[in-house]
Amino acid sequence: MTTMTSTESPPSTPTILGTYKRAPMTFVRGEGVELIDADGKRYLDLASGISVNALGYGDAGIKQAMLTALDTGLVHVSNLYRTEPGEELSQLITRDSFAKSVFFCNSGAEANEGAFKFARRWGRATGSDAKTGILALRGSFHGRLFASLAATDRPSYRAPFRPLAGGISICERDLHVLDAALDGEMIAALIVEPVQGEGGVRVLEKEFVRELRRITAERGIALIFDEIQCGLGRLGTFFAHQSFGVTPDIVTLAKPLAGGLPMGAVLVSEEIAATIKPGDHGTTFGGGPLVATVALEVVRRIADPSLLAAVRENGEWFGETLRGIGKRTGKVRAIRGMGYMWGMDVVEKASDVIERGWEAGVLIISAGDHTLRLLPPLVMTREDLARGAVLLERILN
Ligand code: PLP
């Protein structure tokens with residue numbers, strides 16, 4: 001193995017394992033809602049690093065939180081000990097919520113895997129050894145580890161890695177089918193993304209979600225909301241379930257939680273928390289003092305009612321603007337979304353539009369072959385959203 005000193009440029013042959021098809025530019029800076037590449041070109045960010053950078057780039061509060069954490073000398077102490085940031089974050093995040101406790105981890109998939117374990121533990125404790133099943137919905141994405149992948153409805157992601165974790169199945173998004181499948185003797189949990197992100201930005205009908213809550217509550221089945229992509233302010237409410245008027249039993253969070261540092265969380269109700277004992281689950285890094293200090297800053301800022309109101313109002317305006325673009329260009333088949341989470345089904349390949357976006361200086365991502373996905377930073381102003389809309393219309397034409 002050869003070593004590289006800091007003055008040498010990176011090797012030209014990529015050595016990062018090819019699990020992603022990367023864009024050609026290399027980003028070297030971020031400022032506000034823009035990224036800047038090695039040639040100095042600016043890109044307006046309508047993707048937020050896939051729903052992560054809610055506060056944009058170079059945020060002074062995040063920087064200060066990191067410096068404050070580093071000043072203590074504590075980046076990590078392990079979950080064998082308490083730290084103030086972890087304790088404070090757990091209080092803050094559960095304070096105005098349905099949840100009694102929270103488990104901190106390091107990613108979205110890990111949060112969902114934890115949620116499945118907690119739901120099964122509770123299912124066994126309150127039901128029987130048979131109450132272990134987990135159902136997910138058609139169109140869902142819950143992660144790429146073996147149990148979260150088993151709950152992810154993407155045949156091409158799943159097929160090469162079978163066998164996946166057992167006892168987890170995908171069910172149609174149909175109340176009759178679900179009604180038959182949700183057997184309280186066998187099923188511990190139903191996991192739902194209230195707005196399916198990777199699956200095409202599909203906003204589940206409020207009535208449908210409320211019916212799922214009614215059925216699962218009646219039959220003693222835990223309702224898990226995966227709010228990893230659509231939660232933490234993206235729909236204009238702090239938690240996504242607040243936009244649907246239902247209270248779940250477990251909520252999973254990740255992406256924006258620690259301002260771009262890896263962090264996930266599983267929020268659990270008092271009844272489920274009561275069945276969890278030391279040793280039931282664990283993770284070395286979860287909720288460490290550095291990430292928790294940054295997450296405290298992010299959570300406080302996202303919980304600000306004026307930020308949430310701006311996401312609701314600007315989001316509605318953005319949706320109308322996108323509909324106008326659809327009508328004028330004739331290149332859009334459907335538009336779905338709410339808050340700062342929008343999907344546009346386009347006639348041509350989404351990847352072609354996205355590549356023209358790179359040339360035009362705007363970052364957009366996809367959610368399927370023909371769906372553009374727009375996830376602007378939550379701090380994006382209406383003026384910048386309008387700038388993004390102009391660029392989008394130009395590249396669609
Ligand atoms: N759940 C949802 C709804 C997601 O959108 C994602 C990631 O895109 C995940 C889970 C997995 O998160 P991670 O990539 O952090 O494992």
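Predicted model: local features only at pLDDT ≥ 70, side-chain atom pairs only at ≥ 80, totals over all residues.

Me: Are α11 and α13 roughly parallel or roughly antiparallel?
Reply: Helices (DSSP runs of H or I, at least four residues) and strands (E, at least two) are numbered from the N terminus. Helix α11 (residues 305-329) packs with helix α13 (residues 382-396) at an angle of about 20°, and their axes are 10 Å apart; axes are lines fitted to C-alpha atoms, for helices over the stretch in contact, with angles from 0 to 180 degrees between N-to-C directions. Angles under 35 degrees count as roughly parallel, over 145 as roughly antiparallel, 65 to 115 as roughly perpendicular and the rest as oblique. The angle therefore makes α11 and α13 roughly parallel.

Me: How many charged residues does the contact of α11 with α13 have?
Reply: Contact means heavy atoms within 4.5 Å, and α11 contributes residues including Glu313, Trp317 and Arg328, while α13 contributes Arg382 and Glu393 among others. Ala, Val, Leu, Ile, Met, Phe, Trp, Tyr, Cys and Pro count as nonpolar, Asp, Glu, Lys and Arg as charged, and the others, Gly among them, as polar. By these classes there are nine nonpolar and three polar residues, and the number of charged residues is four.

Me: How are α2 and α10 oriented to each other?
Reply: The axes of helix α2 (residues 60-71) and helix α10 (residues 289-302) come within 9 Å and cross at roughly 150°. The two helices are therefore roughly antiparallel.

Me: Which residues of α10 make the contact with α2?
Reply: On the α2 side, the contact is made by Gly61, Ile62, Ala65, Met66, Ala69 and Leu70. Their partners in α10 are Pro289, Leu290, Thr293, Val294, Glu297, Val298 and Arg301.

Me: What is the orientation of α12 and α13?
Reply: Helix α12 (residues 350-360) packs with α13 at an angle of about 125°, the axes being 9 Å apart. In this contact Val353, Arg356, Gly357 and Ala360 of α12 meet Leu391, Ile395 and Leu396 of α13. The orientation of α12 and α13 is therefore oblique.

Me: Which residue has a polar side-chain atom 2.7 Å from a nitrogen atom of the ligand?
Reply: There are 13 residues around the ligand (a heavy atom within 4 Å), and Gly108, Ala109, Asp226, Gln229 and Lys255 come nearest. An N or O atom in the side chain of Gln229 is 2.7 Å from an oxygen atom of the ligand. The residue with a polar side-chain atom 2.7 Å from a ligand nitrogen is Asp226.

Me: Where is the proline of the cis peptide bond from Arg162 to Pro163 found?
Reply: The bond from Arg162 to Pro163 is cis, with omega near 0°. Pro163 is found in the loop between α6 (155-158) and β6 (168-171).

Me: What is the phi of Ser51?
Reply: Ser51 is found in helix α1 (residues 48-51). Although Ser51 is not a glycine, its phi is positive, at about 70°.

Methods
Residues numbered from 1 in each chain as written. Heavy atoms only, no water. Polar contact = N/O pair within 3.5 Å; in protein donor to acceptor, adjacent residues only side chain to side chain.
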